[in-house]
Amino acid sequence: AEWIVMLDDWTDGVGRSPQTIFEDLKKGGMGGMGGGGKSKLLGGDPGDVIYPYYLINGRIPDAPTTFAAKPGQRIRIRFINAGADTAFRVALAGHTMTVTHTDGFPVVPTEVDALLLGMGERYDVIVTAGDGVFPLVALAEGKNALARALLTTGAGAAPEPGFQPTELNGRIGTVDMFTSTPEAGLGISGAGVNLSAQLTGGMMGYDWGINGRAFPGTEPLSISQGQRATLTLTNRTMMWHPMHMHGHTFQMLDTRGGLGARKDSTIVLPMRTVTVAFVADNPGIWMMHCHNAYHQEAGMMTSLDYTA
């Protein structure tokens, strides 16, 4: 069985519009929306906006969507974080999850209790269904709220909407724990070009940028057809950023240059550096940006341009 789980934060039509929120953020930093939460997983501040609702497949926790299966059935759950400003920590009560794919690419199967997804990230997991009614809980990381759905395989009643399974505080899967399978990896051991993107700006002026400049005034990253490249993302801010590259996928590199997961979006924690490798095999002009919609709108975006 396959269960697609879309995670989202929602305000339009029920709270202030996204445009109003953005204007308030530009005027005064937090704009009264922050909430002051903290997250160790995200290196401190979890986000800029507290939302009226956090959703799974468009439903609030009081009226959750239900997925029906049989006890013992193997289920592939495909998580997608479609939120604008919210990382989600997800867990299925009473179950462990085996991570099989990151952003669509196979990884060495890895067992976790919970999984952290930044905006734009996708993960596939396999679970073996128990017997009963089990909440699938997506904690809005650091925001003291959650979304939920239900897995139903037999008799039983769902716990109250605010229930948080113990798995949320067990083995939490983060990107550094996963390694692509050999056949899915890019196999880059050396690079012909080294690119650099410093993530800059701050909350006070809400002036997010790349290499000190806001889009469209950013300096494009240049690449030539067929080149193998490393890209070093250095976060010079006190906020985490989920960075996404269009038109390409990249391989995560650890501090020793070892190959990690293959992805197109990855979290860069405050004052930390992430290095990825990719192949220039798709000519064009491609955006690279923070997948926090408000940071992107404020200027944390540039382009990867192919040159002759």
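Trainee: Is Ser265 buried or exposed in this predicted model?
Mentor: Ser265 lies in strand 20, residues 265-268. Its relative accessible area is 0%. The cut-off for burial is under 20%, so Ser265 is buried.

Trainee: Is Asp103 buried or exposed?
Mentor: The limit for burial is under 20% relative accessible area. Asp103 has 4%, so Asp103 counts as buried.

Trainee: Asn57 also has a positive phi. Where is Asn57 found?
Mentor: Phi of Asn57 is near 50 degrees, and the residue is not a glycine. Asn57 is found in the loop between strand 2 (53-56) and strand 3 (66-68).

Trainee: Which two residues does a cis peptide bond join?
Mentor: Most peptide bonds are trans. Here one has omega of about 10 degrees and is cis. Its proline, Pro216, is in the loop between strand 14 and strand 15 (221-223). The bond joins Phe215 and Pro216.

Trainee: In what sense do strand 13 and strand 16 pair, parallel or antiparallel?
Mentor: Strand 13 covers residues 193-200, and strand 16 covers residues 228-235. Seven bridges link them. One place to look is Leu199, which stands opposite Asn235 in strand 16. The sense is parallel.

Trainee: What is the order of the six strands in the open sheet?
Mentor: The pairing in this sheet is mixed. Its edge strands are strand 3 and strand 12 (172-173), each pairing on one side only. The order is 3-11-10-5-8-12.

Trainee: Which residue in strand 8 is the bridge partner of Val90?
Mentor: Strand 5 (residues 88-92) and strand 8 (residues 114-117) run antiparallel. Three bridges join them. The partner of Val90 in strand 8 is Leu115.

Trainee: Which residues have the most contacts inside the largest nonpolar core?
Mentor: Nonpolar side chains tend to be buried together in soluble globular proteins. The largest core here has 82 residues. Strand 10 (residues 133-140) gives the largest share, six residues. The residues with the most contacts inside the core are Phe79, Leu115 and Leu231.

Trainee: How many residues are in the second, separate core?
Mentor: Among its members are Ile188, Leu253, Ala277 and Val279. The count is five.

Trainee: How many aromatic pairs are there?
Mentor: Ring centres must lie within 6.5 Å to pair. Phe22, Tyr206 and Trp208 form one aromatic cluster. The count of pairs comes to six.

Trainee: What is the angle between the planes of Trp3 and Phe67?
Mentor: Trp3 is in strand 1 (residues 2-10) and Phe67 in strand 3, 64 residues apart. Both are buried. Their rings are 4.9 Å apart, centre to centre. Planes under 30 degrees apart count as stacked, and this pair is stacked at 10 degrees.

Trainee: How far apart in space are Leu304 and Met288, C-alpha to C-alpha?
Mentor: Leu304 is found in strand 23 (residues 301-306). Leu304 is buried, with a relative accessible area of 2%. Leu304 and Met288 are 16 residues apart in sequence. In space, the C-alpha to C-alpha distance is 6.8 Å.

Terms used:
Residues numbered from 1 in each chain as written. Predicted model: local features only at pLDDT ≥ 70, side-chain atom pairs only at ≥ 80, totals over all residues. Heavy atoms only, no water. Helix = DSSP H or I, 4+ residues; strand = E, 2+ residues; numbered from the N terminus. Buried < 20%, exposed > 50% of the residue type's maximum accessible area, 1.4 Å probe, protein only. Pairing = 2+ DSSP bridges. Core = buried A, V, L, I, M, F, W, Y, C linked by side-chain atoms within 4.5 Å. Phe/Tyr/Trp six-rings, centres within 6.5 Å; stacked < 30°, edge-to-face > 60°.
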